[in-house]
Amino acid sequence: MMKSVWKFSIQMFFLFVIYQVGNWTARFFHLQIPGNVIGIVLLFVLLWLGVIKLEQIELASGWLLKHLGFFFIPISVGLMTLGEIFVSKGLPFLIVLIVSAFIGLFFAGKVTQTVIMKNEKEKVNYHDHAI
Amino acid sequence: MITLYSILITVSVYLFVRFLAKNYSSPVTSPVFLSTIIIITLLVVSKISFDEYMPAKTIMTYLLGPATVALAVPIYKNRDMFVKYFSAAFIGLSSGIVTTITSAILLAKLLKLSNVFVLALTVKSVTVPVATEIGRIIDGNLSLIAALVIITGMIGAMFGAKLLSLFKIHHPFARGLAIGTIAHGIGTAEAVKEGEVQGAVAGAAMGIAAVLTSIIIPFIIEFI
């Protein structure tokens, strides 16, 4: 029990350090890309190069991802400060957000799926010719 | 004292909603949406303002950074798939971003919404920390931007999976990509529950969408 708490804390600390390095990198090079995105790339590269092994961070990362939604709740509570605007202009706001989100979801999903299907079909045809 | 109370209600409401969502899955029990509504109600009833809730918020979102970084793990595990579907992902992501931004702007103009609102709409699909950064660059209203981003995320988390199924989008890669592109982190949290592939792709799509959007926005703003 103590051992896994210790392991968990070290892994958490490690992820935190990578996040901070991402932030510093963004600031230092004046990048338009945010620190957390750089952190993702950095951790990916470290895993890819084999500098760190999956088992060495899986405990903490698994737990964080399982509860990813939680971290957005305190931020969302900030919506309470916009009460008045929503009472007066809420409907047009919502219409724009819902319709545009649905359009984006549809196009992103449909186009991706169509291209995947098309590519896979071409590969199959190619194999047929080869035979 | 208020901070401790705020943390306590936030965590217990979250755990309660999570339990509820496991047993009765519906758009309404989407964790971020329902928890937020219950917590706001509790805060209003206990006469706690958002300013007083702020320290609790800072403590609880402390781990959002490391949690975002942790998305590298599912991306790494599914790396072969990203190589395989690279062209599909790039085309799909770009069409999702462009259609959602243009439709939002056109609709807002049609409904005669003010320019401050139209400007904020351009970043509505970008993850919160990035959206506020872009907001600063384009001189937008930051609290309005945060609100639009969060509500968009909730819409995607609540209805995204259903909408994709309705339009026969069943490929796990395409589903994850759509949710991550449009509904960023809040959607990704929901995609993680649908499956590991969906979660990994959503996380990666969120990151790439953030980068792509910040590149596209200066061109779009010219037309507003």
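Buried residues, meaning those with 20 or more other C-beta atoms, placed from the backbone, within 10 Å of their own, make up 51% of the 224 residues in chain B. This is a predicted model, in which local features need pLDDT of at least 70 and side-chain atom pairs count only at pLDDT 80 or more, while totals for chains, interfaces and linings use all residues. Residues are numbered from 1 along each chain as its sequence is written, and chains are lettered from A in the order in which they are written.

**Fold of chain B**
- Chain B has twelve helices and zero strands, where helices (H or I, at least four residues) and strands (E, at least two) are DSSP runs numbered from the N terminus.
- The radius of gyration of chain B, taken over C-alpha atoms, is 18 Å, close to the 17 Å that the globule rule gives for 224 residues, so chain B is as compact as a globular protein of that length; the rule is 2.2 Å times the number of residues to the power 0.38.
- Along the principal axes, the C-alpha atoms of chain B fill a box of roughly 50 × 40 × 30 Å.
- Of the contacts in chain B with a separation of 6 or more, 64% are between residues 24 or more positions apart, a contact being two residues whose C-beta atoms, placed from the backbone, lie within 7 Å.

**Interface between chains A and B**
- In chain A, 59 residues are in contact with 84 residues of chain B.
- The elements giving two or more residues to this side of chain A are α1 (2-28), α2 (35-48), α3 (58-66), α4 (73-76) and α5 (83-130) of chain A, and the largest share, 22 residues, comes from α5(A).

Definitions and conventions. A residue is buried if 20 or more other C-beta atoms lie within 10 Å of its own, exposed if 12 or fewer, and partly exposed in between; C-beta atoms are placed from the backbone.
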